[in-house]
Amino acid sequence: MRLAVYLSEDLLNEEALKEGLAVIRWVEEKEYTSNLVFFVNKKPVIIIESNQIKSISSPEDLKKFKMRM
């Protein structure tokens, strides 16, 4: 399963990173096994495999997954 998350702001923005982290916590809480793809302006900016989700515990961790454009 793949979960797509569309954000209106760049993921370098601290508020957007916190929102992204909240989505990750929700996925963990529901015990979903899912890859996550975060989009900004219809372009993928972060792709997280399901086995990487548990390694993300802060906005800074999430920022490490940002794709190079």
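This is a walk through the structure above, from the overall layout down to a handful of single residues.

Before we start, note that this is a predicted model, where local features need pLDDT of at least 70, side-chain atom pairs count only at pLDDT 80 or more, and totals for chains, interfaces and linings use all residues. Residues are numbered from 1 along each chain as its sequence is written, and side-chain values use heavy atoms, with hydrogens and water left out.

Let's take the whole protein to begin with. Its secondary structure comes to two helices and three strands, and from the N terminus on the elements run β-α-β-β-α. The radius of gyration is 11 Å, close to the 11 Å that the globule rule gives for 69 residues, so the protein is as compact as a globular protein of that length. Here the radius is taken over C-alpha atoms, and the globule rule is 2.2 Å times the number of residues to the power 0.38. As for the names of the elements, helices (H or I, at least four residues) and strands (E, at least two) are DSSP runs, numbered from the N terminus.

If you turn the model around, the C-alpha trace spans about 30 × 20 × 20 Å along its principal axes. The protein exposes about 4700 Å², and carbon and sulfur atoms supply 50% of that; accessible areas come from the Shrake-Rupley method with a 1.4 Å probe, and for residues, only the protein chains shown count as cover. Of the 69 residues, 36% count as buried. Buried means under 20% relative accessible area, exposed means over 50%, and partly exposed lies in between (1.4 Å probe, protein chains only). How much of the contact list links residues 24 or more positions apart? Such pairs account for 53% of the contacts with a separation of 6 or more, where contact means heavy atoms within 4.5 Å.

Now look at helix α1, residues 14–29. This helix has 16 residues and reaches 22 Å from its first C-alpha to its last, close to the 22 Å expected at 1.5 Å a residue (the expected span is 1.5 Å times one less than the number of residues). Which residues of α1 are buried? They are A16, L17, G20, L21, I24 and V27. These residues cover an arc of only 140 degrees around the axis, which puts them on the same side of α1; the arc is that of the directions from the helix axis to the C-beta atoms. There's a bit of background that helps here: an α-helix has 3.6 residues a turn, so residues three or four places apart point the same way. What covers the buried residues of α1 includes β1 (2–7), β2 (35–40), β3 (43–48) and α2 (59–63).

V27 counts as buried, at 1% relative accessibility. Leaving aside its neighbours within four places in sequence, V27 is in contact with L3, Y32, L36 and I53. Of these, L3 is 24 residues away along the chain, and the C-alpha atoms of V27 and L3 are separated by 9.3 Å.

α1 is followed by E31, found in the loop between α1 and β2. E31 has a positive phi of about 60 degrees although it is not a glycine, and at 69% relative accessibility it counts as exposed. K42 has a positive phi too, near 65 degrees, and is likewise a residue other than glycine. You'll find K42 in the loop between β2 and β3, exposed at 75% relative accessibility.

Next come the strands. R2 sits in strand β1 and is exposed, with a relative accessible area of 62%. R2 touches S34, N35 and V37, not counting residues up to four places away in sequence. R2 and S34 are 32 residues apart along the chain, yet their C-alpha atoms are separated by 5.3 Å.

N35, one of those partners of R2, is found in strand β2. N35 is buried, with a relative accessible area of 19%. Beyond residues up to four places away in sequence, N35 touches M1, R2, L3, I48, E49 and S50. A polar contact of 3.4 Å joins the side chains of N35 and E49. Such a contact is a pair of N or O atoms within 3.5 Å; within protein, one must be able to donate a hydrogen and the other to accept it, and residues adjacent in sequence count only if both atoms are side-chain atoms.

The last stop is D61, in helix α2. D61 counts as buried, at 16% relative accessibility, and is in contact with S55 and I56, leaving aside its neighbours within four places in sequence.
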